[in-house]
Amino acid sequence: MRIVLDGMGGDNAPGEIVKGAVEAIKEITHTIIIIGDEKKISAELKKYKYDKKQIMIEHASDVIGNCDAPVKAVRTKKESSMVKGITMVKEGKGDLFISAGNSGALMAGGLFILGRIQGIDRPAMASIYPILGGQASLLVDAGANSECKPDNLLEFATMGSIYMEKVLGRKNPKVGLVNIGAEETKGTTVTKAAHELLGKSKLNFIGNVEARDVPFGASDVIVCDGFVGNVILKLTEGLALTLLKQLKQKLTSGFKAKLGSALLYDKLKGLKSEFDYSEYGGAPILGVKGPIVKMHGSSNANAVKNTILKGIPYAEQNVVQTILDSVLELEEIKISE
């Protein structure tokens with residue numbers, strides 16, 4: 001398997017990207033192709049001992065930055081690491097593309113270069129949502145589509161369920177629709193119609209879930225539009241960081257507190273790990289005709305390594321083809337509506 005890694009995308013490229021790749025090949029036998037500025041990537045690789053047959057470099061002379069307009073950048077920066085990387089997947093020279101770069105450009109590149117799966121109106125970004133003391137959920141959409149139709153939410157739920165089952169190994173995952181109340185009659189015209197569509201599907205739909213229940217693992221697949229999903233993710237991230245910061249202050253504010261924190265060190269370390277995004281890997285872009293995974297823009301080496309390791313089943317389990325095969329059933333549900 002050939003994993004194509006954007007060596008220039010993200011705040012910490014290429015240093016942390018290269019380091020993460022070196023760490024990853026200690027646990028896999030697949031080949032990693034790092035695409036980007038050959039001189040800069042080579043300079044970083046010289047810092048490590050690694051199997052040169054397992055990590056290769058593909059030169060790209062340009063970079064799509066976070067400030068670039070996504071569509072324009074994809075169309076004009078043909079020699080960028082992102083465009084060349086996605087093109088390698090399209091041409092069969094790579095089996096999986098991973099990037100920490102511009103999210104909008106990555107979505108646009110997936111659509112323009114790989115193409116949209118026929119029957120999926122809007123591709124979506126799926127993000128792992130950590131559940132304290134339990135198995136993580138999958139939130140779809142995490143920010144790609146701020147306004148959606150009921151059909152789109154059905155598509156998100158279907159693609160999320162397939163990914164959860166094929167990649168994360170959760171059989172018959174529970175699907176919940178984010179709403180302002182658990183009752184069927186609650187919500188907007190869109191969520192009410194989506195509730196009806198989901199109820200007619202073969203998915204394990206458990207109904208509406210309120211935002212306050214999401215952190216407790218109310219459902220395996222959390223379905224919402226990208227605006228709501230992105231707000232949920234960022235609010236959760238901010239709240240987690242605030243709580244950890246306050247907890248640290250309280251536990252280091254005196255001798256007794258420090259003694260107690262020393263006794264609870266392992267427990268506290270485990271709690272911090274559960275909140276740490278770098279442990280969960282990246283967010284797959286579902287609905288395009290090829291496996292693409294988006295990493296957090298500030299990804300460190302550990303996040304890069306885990307994204308590589310957890311992205312492999314996305315390609316190996318042929319999730320794209322499974323979504324393609326499921327589209328016919330979606331069309332039948334939409335027509336009956």
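This briefing describes helix packing, salt bridges and a surface patch in the structure above. The model is a predicted one. A search of the whole structure finds 11 salt bridges, and a nonpolar patch on the surface is formed by Phe 227, Val 231 and Leu 235.

**Helix packing around H1**

- The crossing of H1 and H2 is right-handed.
- The handedness of the crossing between H1 and H11 is right-handed.

**Salt bridges**

- Among the 11 salt bridges found in the structure is one between the side chains of Lys 47 and Glu 44, with an N to O distance of 3.0 Å.
- Lys 47 counts as exposed because its relative accessibility is 56%, and the cut-off for that class is over 50%.
- Glu 44, by contrast, has a relative accessible area of 16% and is therefore buried, as the limit for burial is under 20%.
- The side chains of Asp 68 and Lys 77 meet in another salt bridge, at 2.8 Å from N to O.
- Asp 68 has a relative accessibility of 24%, so this residue counts as partly exposed.
- A further salt bridge joins the side chains of Lys 186 and Glu 183, where the N to O distance is 3.4 Å.
- Lys 186 is partly exposed, given its relative accessibility of 33%.
- Glu 183 is likewise partly exposed, with a relative accessible area of 42%.

**Nonpolar surface patch**

- Phe 227, Val 231 and Leu 235 together contribute about 330 Å² of accessible area to the patch that they form on the surface.
- Phe 227 is located in helix H8, which covers residues 226–251.
- With a relative accessibility of 55%, Phe 227 counts as exposed.

How values were computed:
Residues are numbered from 1 along each chain as its sequence is written. This is a predicted model: local features need pLDDT of at least 70, side-chain atom pairs count only at pLDDT 80 or more; totals for chains, interfaces and linings use all residues. Side-chain values use heavy atoms; hydrogens and water are left out. Patches are made of residues with over 30% relative accessible area and no salt bridge: like charges are joined within 9 Å, nonpolar side chains (Val, Leu, Ile, Met, Phe, Trp, Tyr) within 5 Å. Accessible areas come from the Shrake-Rupley method with a 1.4 Å probe; for residues, only the protein chains shown count as cover. A salt bridge is a side-chain nitrogen of Lys or Arg within 4 Å of a carboxyl oxygen of Asp or Glu. Helices (H or I, at least four residues) and strands (E, at least two) are DSSP runs, numbered from the N terminus. Buried means under 20% relative accessible area, exposed over 50%, partly exposed in between (1.4 Å probe, protein chains only). A crossing is left-handed if the near helix is turned anticlockwise from the far one by less than a right angle, and right-handed if clockwise.
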